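Thank you all for coming. Please take a moment to look at the sequence and the model on the screen, and then I will walk you through a few parts of the chain.

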Amino acid sequence: MPPSPAPLPIRQVTLVLKNPVAFAWRVLRAFRANQGLLLAGAVAYYALLSIVPLLILAVIALSHLIEQSELLETLTRYLAWIVPGQSEAIVGELASFLTHRDLMGWVLLVTMLFFSSLAFTVLENAMSVIFHHRVAIRRRHFLVSAVLPYCYILSLGVGLLLVTLVAGAFQVLGSESLWFLGREWSLGGVSGVLLYLLGFAGEVAVLTSIYLVMPVGRLRLSHALAGGLTAAVLWEITRHALLWYFSTLSQVNLVYGSLTTAIVVLLTLEFGAGLLLLGAQVISEFERLGEAGSGGPPVGWRTG
């Protein structure tokens, strides 16, 4: 009696480990076939429109629970993970707006809420292109797509609250000292390491949640976590390279002048969106690996 075939996830892992270079090449070809760079540009553009209104709403809501200056300090630290080198400029504009928040009416509030959701709506559509094999089987109800961005905004607000509280505890820890072997050891270095690990863990958690929520249908947590780790590691490498480039070699401020901050933020967001969608493509190709008819060249998304 012939042995029964291995379960599909095990076969998928076996195929990847057997030839990881071939799998990476398959992912890149599929990403190109799906116009991944074009999708990343669209996501980055709408993320640029959404980032400031989203932060304003988050700080206004959370300032009833936490000191506003503490929130802004946390945002300055962790925005550097998203827009390296430009977090202080963004938070400066945010603080300038918040000084006049008493003048904000309902029309402006609704407008900011609408613009805050644009990036998530476009990201959901981009994920539908990457996971077109899922969309071909089932589609998400339009009411779910309409409510999903606002639920995600609420989740990010809760996440910002937790990160602010934990980061404050780590900063207090950094000001303490430990007596050991007759010597006083400062915990400042430990606090810095913990803050970095907190930022990286938050980055992986946000990416994993995006991969779990945005695609149509139920995604395995292990697949989403693998995509989140892949995108987070690639982004860590990319953001340090961008920070070094903008601080040493770039002459963008001479070319764009007063538009420098917007141009740098847009370029950084496009890199980040590209890696986010590339992580989604890794998950998509891993899901399709081993399926019947999936061994040929990647076929990009088609309209009509």
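I would like to begin with helix H6, which gives the most to the nonpolar patch, with three residues; helices, here, are DSSP runs of H or I with at least four residues, strands are runs of E with at least two, and both are numbered from the N terminus. Before I go further, please keep in mind that this is a predicted model, in which local features need pLDDT of at least 70 and side-chain atom pairs count only at pLDDT 80 or more, while totals for chains, interfaces and linings use all residues. Residues are numbered from 1 along each chain as its sequence is written, and side-chain values use heavy atoms, with hydrogens and water left out.

The nonpolar patch lies on the surface and is formed by Tyr45, Leu49, Leu113, Phe114, Phe115 and Tyr150, with about 520 Å² of accessible area together. A patch is made of residues with over 30% relative accessible area and no salt bridge, where like charges are joined within 9 Å and nonpolar side chains (Val, Leu, Ile, Met, Phe, Trp, Tyr) within 5 Å; the areas come from the Shrake-Rupley method with a 1.4 Å probe, and for residues only the protein chains shown count as cover. Helix H3 (36-62) and helix H6 (106-130) each supply at least two residues of this patch.

As for H6 itself, its 25 residues reach 37 Å from the first C-alpha to the last, close to the 36 Å expected at 1.5 Å a residue, where the expected span is 1.5 Å times one less than the number of residues. H6 also bends by about 30° at Leu118, the bend being the angle between axes fitted to the seven residues ending there and the seven starting there.

Let me turn to the aromatic rings. The structure holds three aromatic pairs, a pair being rings of Phe, Tyr and Trp (its six-membered ring) whose centres lie within 6.5 Å, with planes under 30 degrees apart counted as stacked, over 60 as edge-to-face and the rest as tilted. One of them joins Tyr45 and Tyr46 edge-to-face, at 5.1 Å centre to centre and 80° between the planes. Phe114 and Phe115 form another edge-to-face pair, with 5.5 Å between the centres and 75° between the planes. Phe114 has a relative accessible area of 43%, so it counts as partly exposed, given that buried means under 20%, exposed over 50% and partly exposed in between (1.4 Å probe, protein chains only).

Which charged side chains meet in this model? The structure holds two salt bridges, each being a side-chain nitrogen of Lys or Arg within 4 Å of a carboxyl oxygen of Asp or Glu. In one of them, the side chains of Glu285 and Arg26 meet at 2.7 Å, N to O, and this pair links distant parts of the chain, since Glu285 is in helix H12 (residues 260-288) and Arg26 in helix H2, 259 residues apart. Glu285 is buried at 4% relative accessible area, and Arg26 is buried at 15%. The other salt bridge is formed by Glu236 with Arg239, again with the closest N and O atoms 2.7 Å apart; because these two are three residues apart in helix H10 (residues 221-248), about one helical turn separates them. Both Glu236 and Arg239 are buried.

To finish with the chain as a whole, its secondary structure comes to 12 helices and two strands, and 40% of its 304 residues count as buried.
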